[in-house]
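Below is a short briefing on one protein structure.

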Amino acid sequence: NTRFTHIDKIPVSTWKACGNVPFDEVIAKSNNIGVVIVSKRLGSLLYDHYKKVGFGQKTNIQLPGEQEGFINPPENWSAYSLRSLSFGYEITMSLLQLVRAFSVISNDGHMINPKIIISSNEKDDNNNTTPPLYSQKTIEATKDILEHAVPKSMVKQASIKGYRFMGKTGTSNILIDGEYAHNRCTYTFCGIVEKGDYKRIIATMVKDSPKKNLYAAGAAAPLFGQIAEKILIHDRVIEKDTHENINI
């Protein structure tokens, strides 16, 4: 029940104090302290899981200039690295890499190789012939956690027509001249919309918003909701004349 503590003599802070909470609440409330405690159990396996879902590796999308991203490997870890990696530092990725990682969750443990769709007649060259990266039990548990983590402002939308909304916010300080600027942030939200075989993954990012005391739930999550609404209308999941009922 604190915003600041030490774990193995390493300082850890979070944005809001929590009491004893289950792991889904740790994720839903973005509690860095809880995440560090759980990551300690993984140790260097945390790095292995990051690699497993494709971070630090190109997606090979048909566009020039794609970067691999970076994950600090265990052999280069400092005493602070496990803490930092557990909630999003000492690692860089593109939004597309984040979406690819979420595809493992949405696609029953199988990773999707992203590509640009030029025509609706194009074949889907992704198939599930290889074993899933994670068990169905793990995937369902992760979906439940991500569903619980959807910001309250989106709960109304998440109940529409039985469609399931899952996702996670991210707020990170921007690195400037080798140091983190505590008053400048990148806000992200990556989420899944699904019902049966209909599945969509959407990632949004807002960089360095001029508003003060802002978090991703108030910056990137509403943008996700707006895009999801347009996609559901485009895919004729909902009618245009009913879209006002799902504004967030």
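E194 has K199, in strand 7, as its bridge partner. Strand 6 (residues 179-195) and strand 7 run antiparallel and are joined by 10 bridges. The model is a predicted one, in which local features need pLDDT of at least 70, side-chain atom pairs count only at pLDDT 80 or more, and totals for chains, interfaces and linings use all residues. Residues are numbered from 1 along each chain as its sequence is written, and side-chain values use heavy atoms, with hydrogens and water left out.

**The sheet**

- Helices (H or I, at least four residues) and strands (E, at least two) are DSSP runs numbered from the N terminus, and two strands pair if DSSP finds at least two bridges between them.
- Three strands form an open sheet in the order 5-6-7, and their pairing is antiparallel.
- Strand 5 (164-176) and strand 7 (198-207) are at the edges with a single partner strand each, so one side of each has no neighbour in the sheet.
- From one strand to the next, the twist averages 15 degrees.
- Strands of a sheet pair through backbone hydrogen bonds.

**The hairpin**

- Strand 5 and strand 6 pair antiparallel over 13 bridges.
- I176 has E179, in strand 6, as its bridge partner.
- Two residues lie between strand 5 and strand 6 in this hairpin, and D177 in the turn has a positive phi of about 55 degrees.

**Helices on the sheet**

- Axes are lines fitted to C-alpha atoms, for helices over the stretch in contact, and angles run from 0 to 180 degrees between N-to-C directions.
- Helix 8 (residues 216-234) lies across strand 5, strand 6 and strand 7, and runs at about 140 degrees to strand 7.

**Residue S30**

- S30 sits in the loop between helix 1 (23-28) and helix 2 (32-42).
- S30 is partly exposed because its relative accessibility is 26%; buried means under 20% relative accessible area, exposed over 50%, and partly exposed in between (1.4 Å probe, protein chains only).
- Leaving aside residues up to four places away in sequence, S30 touches T14, W15, K168 and T169, where contact means heavy atoms within 4.5 Å.
- S30 and F87 are 57 residues apart in sequence, and their C-alpha atoms are 8.7 Å apart.

**Confidence**

- The protein chain has a mean pLDDT (the predictor's confidence in each residue, from 0 to 100) of 88, and 88% of its residues reach 70 or more.
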